[in-house]
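The sequence and structure come first.

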Amino acid sequence: MSAPTTTPGAEPMSHRQTLEALSGLLLVLFVAMLSSTVVSTALPKIIGALNGSQTQYTWVVTATLLTATATTPIWGKLADLFSKKLLIQVAIVVFLLGSIIAGFSQSAGQLIAARAFQGIGVGGLQALVQVAIAAMIPPRERGRYNGYLGGVMAVATVGGPLLGGLIVDTSWLGWRWCFFVGVPVAIIALILLQVTLHLPTFRRDNVKIDYLGASLIAAGVSVLLIWISFVDSSFAWLSWQTAAMVLGSLLLLALAVWVESRAAEPVVPLAIVREHTTALAILGSLAVGMAMFGGAVFLGQYFQIGRGYSPTEAGLLTIPMMAGVLGSSIVAGRLITRTGRIKPYIVIGSITLVVGFGLLGTIDHETSLVLVGIGMFIVGTGVGMTMQNLVLAVQNTVALKDIGAASSSVAFFRSLGGTIGVSVLGAVLARRVTDQITRDLTAAGIPTSGSGGDSNLNITALPDGVQHIVRAAYGDATGHIFLISAAIGVVGVIAALLLRPVTLRTSLDLPDAATAAAVAADAVDGAPAFDQVAAEAAVKGGPERR
């Protein structure tokens, strides 16, 4: 494979050009994340209108997460081989088609298929936006822009359920607009990016796509997520189905590792994943993924089922978490840009995350909303200080030609951790809720037949006495879920503490290895010490811009 060819003389984007391009990228990221969160409060009405089953209810959410997670590393690797701008536009088109098909679905099966196709585009957008930003902005300067990313993610994560509730409660809109609402925004972003986005493109001859490795990774992750989605509901943890799926997934992933270790252009370069910073960032991202996805899912459920608030009210009550994410990401990003140091903020953020989950672990169905709000704000602060900065720490260690694979690897494991966390914690929650409802109904002398955990979808139809028991069960069990999250978050703290303290570079690419070696040799001979500015200047101006 030939070396990348470059066009000398290209200049870095100005601050104005960066903001213009960033506006389109943030718009794309917002609509991609919104597509996953807007259906959370609307899903009961959607499935009811389509006469769907409980299994289909679960799969409307799982299908998108599954395809998005499985395709993330593939999109990232493609970004290292082809035009990043073109790939983002392709991902937007895939997302648009999936959204339109989902909005016109006439059955739950069609909706699940459309959501799976939409997830391919969502996975591309979530990965490629990070890659595009890394190709535009040097790591040292990227911190100041992380606040914008954190704000977009916070608004989409918390505002999505609120918007979904408003849409389904508005008679002249209806549930189909939960899917249509993102279409005009995505079209605007597509046009905006065409005009403003100019990214470096490394042209390579004899490009080889690792189709086998990509297929094995997608298949292995898909089988694992399917097992997580159905275990403890459709079959037991200890069953032949569990053995077949888990062993099958491990076998597929082991084959993927073997193929990747021998591929000329691996989808997930093992050398990057094994690198000290990347490996630790992956561990930390698992905890952050659980916070970002699990926090929104279970807090929304806690307010609606455990406390009896409407979907709109539940969305408003989660604002403290959004405020924490937005404020901490902006403040931490500015400080990182000023100092060039990133480890202290990741460490503080991961510890804050554990503290917030620990506080939420004390809640029940009668806890003061002030205390719950404080806990959410602390969790949001931890997410804002860690989520984007873990990706930034990895991007700082790799060359620009590998930025796609490195960024998507962290995003992949964060999404995988979030999906696994939601599924496993949801199974634990369901088991505790069922046990407590059964116990409390028996103590109250009420027959338990037909009064299991499935009654949560229609709480208001229950008698007042039973309704109180069900709400109390959900409110009390949610605290236990957050205690488990706090325990898992400790892994993120350990990973953050083990990160090497580094100063973020101010160049888009790593300094030329040959230049660094020559400078080191001169230093040994008594020449002046390594000149960071000179080394960085040697690598600027290479890639062609589109």
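A crossing is left-handed if the near helix is turned anticlockwise from the far one by less than a right angle, and right-handed if clockwise. Helices here are DSSP runs (H or I, at least four residues), numbered from the N terminus. The model is predicted: local features need pLDDT of at least 70 and side-chain atom pairs count only at pLDDT 80 or more, while totals for chains, interfaces and linings use all residues. Residues are numbered from 1 along each chain as its sequence is written, and side-chain values use heavy atoms, with hydrogens and water left out.

H17 passes H18 in a right-handed crossing. The axes of helix H17 (residues 403–443) and H18 come within 8 Å and cross at roughly 145 degrees; axes are lines fitted to C-alpha atoms, for helices over the stretch in contact, and angles run from 0 to 180 degrees between N-to-C directions. The residues in this contact comprise 15 nonpolar, 4 polar and 3 charged. In this classification, Ala, Val, Leu, Ile, Met, Phe, Trp, Tyr, Cys and Pro are nonpolar, Asp, Glu, Lys and Arg charged, and the others, Gly among them, polar.

## H14 and H16

Helix H14 (residues 319–339) packs against helix H16 (residues 369–395) at about 40 degrees, with the axes 7 Å apart. The two helices are therefore oblique to each other; angles under 35 degrees count as roughly parallel, over 145 as roughly antiparallel, 65 to 115 as roughly perpendicular and the rest as oblique. Their crossing is right-handed.

Residues in contact (heavy atoms within 4.5 Å) include Gly-324 and Ser-328 of H14 and Gly-380 and Gly-384 of H16. By class, this contact has 12 nonpolar, 8 polar and no charged residues.

## Nonpolar cores

A nonpolar core is a set of buried Ala, Val, Leu, Ile, Met, Phe, Trp, Tyr and Cys residues joined through side-chain atoms within 4.5 Å. The largest has 99 residues, and Leu-25, Ile-88 and Met-136 are among those touching the most other members. Helix H18 (residues 464–498) supplies the largest share of this core, 12 residues. A second, separate core of 39 residues includes Ala-63, Leu-216 and Val-268.

## Val-268

Val-268 lies in the loop between helix H10 (240–260) and helix H11 (270–273). Val-268 counts as buried at 14% relative accessibility (buried is under 20% relative accessible area, exposed over 50%, partly exposed in between; 1.4 Å probe, protein chains only). Not counting residues up to four places away in sequence, Val-268 touches Pro-73, Ile-217, Glu-260, Val-273 and Ser-409.
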